[in-house]
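Below is a short briefing on one model. Please read it alongside the sequence and coordinates.

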Amino acid sequence: MRTESKTEQTVCLRCSETYVRAAVRLLTVMRLGKTPASERAAKLVELEGISREDAEVWLKHNMHGSCAKREAYCSSCGGQLTTWQAKWCQHCKLDWH
């Protein structure tokens, strides 16, 4: 078990929510993939030494993808953009970088 975990404030690229993100090792992610979904939070707490709350937030945004997807639309043609922060429309090719 890790004795200290690194955390940082980050923005979810899927839903745009700001949350404290725990730095989780790749080996831990691989082990979580083999763990039943109902037991993943407990396993993450055990392997990384983070709080249960941080583990559940990490799983929500990084592994389960259960956060609501934020959508954005082109101001020119109204087409849906690939991400909420995209600056290029794949439909009309408008670029506002």
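Which backbone oxygen does the side chain of Thr 35 reach? In this predicted model, that side chain reaches the backbone oxygen of Arg 31, at 2.9 Å.

**Thr 35**
- Thr 35 lies in the loop that runs between α1 and α2 (40-48).
- The relative accessible area of Thr 35 is 10%, so Thr 35 is buried, the cut-off being under 20%.
- With neighbours within four places in sequence left aside, Thr 35 is in contact with Arg 40 and Lys 43.

**Packing of α1 and α3**
- Helix α1 (residues 26-33) packs with helix α3 (residues 52-63) at an angle of about 85°, and their axes are 13 Å apart.
- That angle makes α1 roughly perpendicular to α3, because angles of 65 to 115 degrees count as such.
- On the α1 side the contact is made by Val 29, Leu 32 and Gly 33, and on the α3 side by Trp 58, Leu 59 and Met 63.
- By class, five residues of this contact are nonpolar, one is polar and none is charged.

**Nonpolar cores**
- The largest nonpolar core has nine residues: Ala 22, Val 24, Leu 32, Ala 41, Leu 44, Ile 50, Ala 55, Trp 58 and Leu 59.
- At least two residues of this core come from each of α2 and α3, and α3 gives the most, with three residues.
- A second, separate core has five residues, among them Ala 72, Cys 74, Leu 81 and Ala 86.

Note on methods:
Residues numbered from 1 in each chain as written. Predicted model: local features only at pLDDT ≥ 70, side-chain atom pairs only at ≥ 80, totals over all residues. Heavy atoms only, no water. Axes fitted to C-alpha atoms, helices over the stretch in contact; angles between N-to-C directions. Helix = DSSP H or I, 4+ residues; strand = E, 2+ residues; numbered from the N terminus. Parallel < 35°, antiparallel > 145°, perpendicular 65-115°, else oblique. Contact = heavy atoms within 4.5 Å. Nonpolar A, V, L, I, M, F, W, Y, C, P; charged D, E, K, R; others polar. Buried < 20%, exposed > 50% of the residue type's maximum accessible area, 1.4 Å probe, protein only. Polar contact = N/O pair within 3.5 Å; in protein donor to acceptor, adjacent residues only side chain to side chain. Core = buried A, V, L, I, M, F, W, Y, C linked by side-chain atoms within 4.5 Å.
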